[in-house]
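This report describes how the parts of one protein model are packed together. Please keep the sequence and the structure in view while reading.

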Amino acid sequence: MTRMGEAVDRTLLNHLLRMFTALGIYSESFEKPFLEGTAEFYASEGVRYMQLSDVPDYLKHVEARLHEEHERCVLYLDACTRKALVATAEKQLLDRHTHAILDKGFTLLMDANRIPDLQRMYSLFSRVSALELLRLALSAYIKATGQGIVLDEMKDKDMVSSLLDLKARLDTIWEESFLKNEAFSNTIKDAFEHLINLRQNRPAELIAKFLDEKLRSGNKGTSEEELENTLDRVLVLFRFIQGKDVFEAFYKKDLAKRLLLGKSASIDAEKSMISKLKTECGSQFTNKLEGMFKDIELSKEINESFKQSSQARTKLPSGIEMSVHVLTTGYWPTYPPMEVRLPHELNVYQDIFKEFYLSKYSGRRLMWQNSLGHCVLKAEFPKGRKELAVSLFQTVVLMLFNDTQRLSLQDIKDATGIEDKELRRTLQSLACGKVRVLQKQPKGRDVEDEDQFVFNDDFSAPLFRIKVNAIQMKETVEENASTTERVFQDRQYQIDAAIVRIMKTRKVLSHTLLITELFQQLKFPIKPADLKKRIESLIDREYLERDKSNPQIYNYLA
């Protein structure tokens with residue numbers, strides 16, 4: 001009756017039940033039919049409430065019912081009934097409906113971040129030993145939600161920030177709703193590792209680019225502490241990547257640009273990130289990145305020394321200041337050599353620096369990387385004087401207009417010697433972008449063969465120094481493809497080296513055992529078919545041979 005909300009005389013009930021106990025008939029005459037009636041009542045109520053209520057309300061109802069049954073035992077039932085009574089209620093209200101509860105409400109609660117309701121679900125499921133079901137539902141939820149983020153190429157731009165948001169949300173739910181259960185923590189990690197590696201290479205590349213965005217200058221309003229916190233969060237995603245060499249290649253390429261173009265938000269943050277990567281992957285992973293920093297430091301000393309030298313004091317053309325980064329080839333990304341005809345003054349400067357450098361470090365060879373050069377040009381416009389921060393290629397093009405007012409695309413190509421595609425990109429940035437120092441005739445977004453270019457007499461801007469060289473920070477399609485290609489090449493060398501290393505030690509080995517050992521040694525995802533190709537290549541180059549009696553066995557050839 002009390003379950004239906006009717007009042008009873010609890011004292012009278014208590015006396016009656018004590019009398020039953022004293023007569024030795026409590027269990028047979030009361031407890032047994034009472035428990036059967038309870039099971040019947042809650043079986044019916046459970047089905048009815050599951051149909052009518054949403055999951056949060058149903059869980060609250062179950063929690064309230066279990067509390068009522070516990071109180072009933074305290075107030076007038078014999079203590080020995082409590083365990084059986086609560087277990088009966090749990091079975092009918094919870095155990096029979098765990099799958100339905102999860103199917104109907106788990107995703108909704110997770111999406112809406114309903115921490116108290118999820119905590120209630122966790123607590124109630126633990127009472128009926130159903131946490132494993134909840135854990136599996138969590139794994140399925142993360143994979144389904146994450147697939148929508150990782151596999152949708154249209155959302156690549158936001159992939160990393162979306163994954164970070166999802167991870168932060170799950171961590172909070174794990175701490176507050178799932179009471180830091182270790183099995184649930186491992187489920188989150190395993191599901192994320194599965195997600196990050198659903199698309200080979202791309203997430204690793206996007207994580208590197210996300211870091212580039214954060215470590216680049218121009219992130220106004222971000223404190224050192226917030227930046228450090230972001231780096232730590234991204235590092236968690238980085239741990240899940242299987243192809244860390246892809247991340248390294250893109251991170252190195254972007255770091256190089258930040259250092260060489262002076263676009264780094266904080267050298268301390270850069271060094272902190274490298275230190276984190278070193279802790280995570282060892283010094284072999286970061287020694288080239290650290291070498292890049294050493295080159296930058298050393299270049300400062302070389303430039304100071306050059307300014308004090310007799311060559312600089314006696315031979316340098318006046319009105320120009322030049323700073324040179326001397327890079328060690330092995331540390332930095334490889335850049336395709338790009339030809340350009342430099343203005344006479346810059347050629348003179350380069351020759352004098354080269355003479356100074358080689359007198360100090362004999363036996364070394366200097367190769368100028370024109371695509372990475374950047375300059376500040378002083379420009380006199382009819383509406384006022386400006387300073388233009390431009391790339392070396394933009395500089396070479398703009399300086400042609402000191403002597404003439406109008407030039408065609410072909411004129412500029414002949415005068416500068418810049419490769420066609422790079423020249424079109426450069427002219428587009430000067431005549432079709434936000435800052436139009438030149439005017440293109442006819443107007444249009446793309447540079448066509450017949451286009452003419454004119455110095456923009458009407459140019460004006462509120463700032464004195466204007467950045468036009470953002471083009472250098474942008475990644476071209478070719479640059480992206482060559483970085484990916486380089487990783488692929490490096491992987492082939494690593495596979496070859498691993499095969500030779502294993503065979504040199506073992507001398508004779510079956511195909512299956514060799515593949516197994518390679519999977520253990522190689523730190524990137526690889527298909528057995530690709531390994532087979534590398535083995536065939538080494539057989540062709542006579543590093544190994546197939547056994548004459550069994551083609552599934554390889555012999556090492558010394």
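## Helix 7 with helix 9

Helix 7 and helix 9 are roughly parallel to each other, a term for angles under 35 degrees, with over 145 counted as roughly antiparallel, 65 to 115 as roughly perpendicular and the rest as oblique. Helices (H or I, at least four residues) and strands (E, at least two) are DSSP runs, numbered from the N terminus. Helix 9 covers residues 182-196, and the angle between helix 7 and helix 9 is about 25°, with the axes 9 Å apart. Axes are lines fitted to C-alpha atoms, for helices over the stretch in contact, and angles run from 0 to 180 degrees between N-to-C directions. The crossing of helix 7 and helix 9 is right-handed, that is, the near helix is turned clockwise from the far one by less than a right angle.

Contact means heavy atoms within 4.5 Å. On helix 7 the contact involves L131, L134, R135, L138, S139, I142, K143, G146, Q147 and V150, and on helix 9 A183, F184, T187, I188, A191, F192, H194 and L195. These residues comprise 11 nonpolar, 5 polar and 2 charged; Ala, Val, Leu, Ile, Met, Phe, Trp, Tyr, Cys and Pro count as nonpolar, Asp, Glu, Lys and Arg as charged, and the others, Gly among them, as polar.

## Basis of the model

The model is predicted: local features need pLDDT of at least 70, side-chain atom pairs count only at pLDDT 80 or more, and totals for chains, interfaces and linings use all residues. Residues are numbered from 1 along each chain as its sequence is written, and side-chain values use heavy atoms, with hydrogens and water left out.

## Overall composition

The protein contains 22 helices and 9 strands. Of its 558 residues, 45% are buried, where buried means under 20% relative accessible area, exposed over 50% and partly exposed in between (1.4 Å probe, protein chains only). Among contacts with a separation of 6 or more, 69% join residues 24 or more positions apart.

## Helix 5 with helix 7

Helix 5 (residues 98-111) packs on helix 7 (residues 131-150) at an angle of about 45°, with the axes 11 Å apart. Helix 5 and helix 7 are therefore oblique to each other, and their crossing is right-handed. Helix 5 contributes T98, H99, L102, F106, T107, M110 and D111 to the contact, and helix 7 contributes L133, L134, A137, L138 and Y141. This set divides into 8 nonpolar, 3 polar and 1 charged.

## Nonpolar cores

A nonpolar core is a set of buried Ala, Val, Leu, Ile, Met, Phe, Trp, Tyr and Cys residues joined through side-chain atoms within 4.5 Å. The largest has 84 residues, of which F106, M121, L134, F247 and Y251 touch the most other members. Helix 12 (residues 244-260) supplies the largest share of this core, 9 residues. A second, separate core of 45 residues includes A312, Y349, L377 and I466.

Leaving aside residues up to four places away in sequence, F106 touches I101, L118, M121, L134, A137, L138, Y141 and F178.

In helix 17 (residues 392-400), 7 of the 9 residues are buried: L392, F393, Q394, T395, V396, V397 and L398. Their cover includes helix 16 (344-360), strand 1 (374-381), strand 2 (384-391), helix 18 (409-416), helix 19 (420-431) and strand 4 (438-441).

L538, in helix 22 (residues 528-540), is buried, with a relative accessible area of 1%. Leaving aside residues up to four places away in sequence, L538 touches D496, I499, V500, Y543 and L544. L538 and D496 are 42 residues apart in sequence and 7.3 Å apart in space, C-alpha to C-alpha.
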